[in-house]
Amino acid sequence: MSYKSIAHRKQLQLEAQIPPQWRLDVSQIAPALLSPADSITKTAQYEAISVTNLPRTCGLLTDKELKITERYSVQPMLDAIRERKFTSKEVVLAFCKRAAIAHQLTRCLTEPVFEQALEQAQRLDDHLQLTGQPIGPLHGLPISVKDSFHIAGVDSTTGLAGLAFRPATQNSPLVDLLTSLGAVIIAKTNVPQTMGALDSCNHLFGRTLNPLNPRLTVGGSTGGEAALLAMRGSMVGFGTDIGGSIRIPAMCTDLYGFKPSAGRVPIAGTQEAGNIPGKGRISLQPVAGPIARSVEDLRAVMAEIVPRAELFSEDGIPGRWLDSSVGSFLLACDTIPQSPPSGRKKFTFGILRRDGLVEPLPPVAKVLDEVAQMLRCTPGVEVVEVPVPPALSKCQGIAGRLMGVDGGIPMIDLLESTGEPLIPWLKNRMKRGREMTLSQVGALQAQRAQVEREMLQMWTTRRATTDGNPATAASWTRDIDAIIHPVAPHPVPEMDRYNAVGYTSSWVLLDYPAGTVPVRSIREDDLELGKDMTAAVLGSWDKANRLLWDEKTVDRRVYLGSPLSLQVITPKQHDYELIQAMEIIDRVVTTERGRVSKL
């Protein structure tokens with residue numbers, strides 16, 4: 001069958017899973033959203049108006065359902081269910097309804113599993129009523145997962161017509177792990193065609209819109225999750241990240257994203273069609289992780305997943321998560337840990353302003369300066385400048401070549417089997433290549449190892465010796481606890497214009513955990529209207545990035561009100577310290593935001 005015929009059938013199937021009583025009036029939906037094909041091609045029709053308030057005003061949610069979906073973070077919600085203020089079914093129903101509304105406004109869902117979710121919620125209620133005990137620590141928590149995760153009996157198309165109507169025969173290990181903890185999966189969410197693009201758009205389901213501003217990209221490849229979370233249609237979403245696919249959508253939608261080290265969150269057993277089997281074992285390994293509306297919510301789910309990952313998946317590693325109570329790690333000022341991971345008296349942040357290939361645009365550089373200054377004024381925190389390591393500029397190229405070890409041949413074969421054309425973001429970026437030989441892959445991995453070795457020096461600004469011999473290996477000490485870096489060298493761009501993936505893909509190559517923390521929105525003064533960048537262009541990537549600021553090619557006012565975020569990075573396997581670092585920054589930023597609002 002042609003991709004158009006398959007897409008038509010799939011869209012009818014998706015529409016049938018939205019109950020009639022949960023449907024919006026046509027007048028409340030952007031005209032281009034009424035047709036999946038139009039949502040891809042008629043992007044100029046979208047107005048730059050947030051739709052995040054529509055679930056609250058559309059009349060489909062009761063006051064109780066609005067309270068459930070808007071007033072609770074993860075831990076208070078879990079407490080409310082255990083204390084029987086709400087039943088699991090009431091909570092799951094409220095989020096299913098809100099997810100259905102979010103989908104009609106953003107095209108964020110691929111596989112609603114509302115009926116199964118409500119049945120599971122009823123079983124959880126029955127168990128709690130009978131035993132007085134919850135099923136697990138996430139009992140009744142409504143969550144969502146990216147389309148690439150398998151749920152038995154449900155498609156995992158990853159936006160490809162050639163994979164439609166081939167339901168999974170078993171769950172992904174992460175799905176089993178989350179279910180064992182008592183969480184309830186309510187839906188799977190949209191991704192870009194091939195999952196190799198940074199705008200969540202495909203011919204099977206259409207384009208997912210950014211609910212904050214439909215003129216701007218929602219990011220990819222975990223874009224459906226980000227849209228759903230931004231609309232409060234789920235409490236936590238799980239995605240995957242190989243080039244920035246968790247952190248970028250979080251940046252685009254004012255959310256918190258967490259890319260852990262490999263093995264912390266199970267990713268095995270996800271959709272691999274379109275790639276050679278076992279590709280992640282020989283090239284660049286993607287990781288799975290959460291997107292949420294707060295650091296506390298990230299902490300709540302990671303605290304339960306990390307100690308159990310090795311029990312559910314062959315790629316899970318043994319892990320230990322410290323006390324999940326934030327208070328036990330904070331001083332009276334409620335902003336910094338009592339004892340930094342390195343054991344020093346102060347928590348040290350390094351400021352890494354650029355990657356050496358692409359110069360950040362003014363709003364990005366400005367917000368980095370602002371956060372650095374806030375941290376310098378924070379008791380117990382030290383801030384140091386980190387020179388761009390020469391090896392960092394090599395990371396993007398190595399990561400890109402490792403992602404393409406199969407030449408894209410299986411994926412292009414799959415697309416051609418139904419006559420499916422490439423989406424706009426991929427048209428000039430993807431073509432049939434040549435599969436690498438074993439010796440070529442080995443040489444790339446050797447380059448990767450050398451870069452990893454060189455990048456270790458980024459964490460040490462000096463040597464501390466006990467025996468007076470600076471050459472003693474044991475004398476090395478880590479001076480920097482976490483690094484702050486842009487998520488991207490540009491603000492949230494218009495659709496199909498995302499650039500410079502190296503700011504996120506490099507940290508996957510190095511297997512450093514990295515997270516996204518929102519800071520503030522873009523203001524009028526950030527636009528510097530009429531003022532051009534004067535720094536010399538560094539190369540082709542930098543030249544492309546400048547087009548997002550050049551007033552001849554973009555109206556900078558499109559960025560007004562869009563979120564500015566920062567990326568936080570820690571060394572390999574220091575995932576718990578990443579949560580600590582993100583929390584410090586978030587609390588400092590939140591305190592400053594509150595101070596400014598009172599002026």
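This is a predicted model: local features need pLDDT of at least 70, side-chain atom pairs count only at pLDDT 80 or more; totals for chains, interfaces and linings use all residues.
Close-up 1. Helix H8 itself spans residues 173–180, and its buried residues are Pro173, Leu174, Val175, Leu177 and Leu178. After H8 comes Gly182, which has a positive phi, near 100°.

**Close-up 2. Positions annotated as a binding site.** The UniProt record, an unreviewed entry, assigns the feature "binding site" to Met195, Ser221, Ile242, Gly243, Gly244 and Ser245. These positions are spread over 51 residues of sequence, yet they cluster in space, with a largest C-alpha distance of 11.3 Å.

Close-up 3. Ser221 lies in the loop that runs between strand S5 (206–207) and helix H9 (223–230), and because its relative accessible area is 2%, under the 20% cut-off, Ser221 is classed as buried. With neighbours within four places in sequence left aside, Ser221 is in contact with Lys146, Asn190, Val191, Pro192, Met195, Ala197, Ser200, Ser245 and Pro249. The side chains of Ser221 and Lys146 are joined by a polar contact of 2.6 Å.

**Close-up 4. Ser245 and its contacts.** Ser245 is located in the loop between S6 and helix H10 (247–252), and it counts as buried because its relative accessibility is 6%. When neighbours within four places in sequence are set aside, the residues in contact with Ser245 are Lys146, Gly220, Ser221, Thr222 and Thr240.

Technical notes: Residues are numbered from 1 along each chain as its sequence is written. Side-chain values use heavy atoms; hydrogens and water are left out. Buried means under 20% relative accessible area, exposed over 50%, partly exposed in between (1.4 Å probe, protein chains only). Helices (H or I, at least four residues) and strands (E, at least two) are DSSP runs, numbered from the N terminus. UniProt positions are given in the numbering used here, feature names are shortened, and annotations may be inferred rather than shown by experiment. Contact means heavy atoms within 4.5 Å. A polar contact is a pair of N or O atoms within 3.5 Å; within protein, one must be able to donate a hydrogen and the other to accept it, and residues adjacent in sequence count only if both atoms are side-chain atoms.
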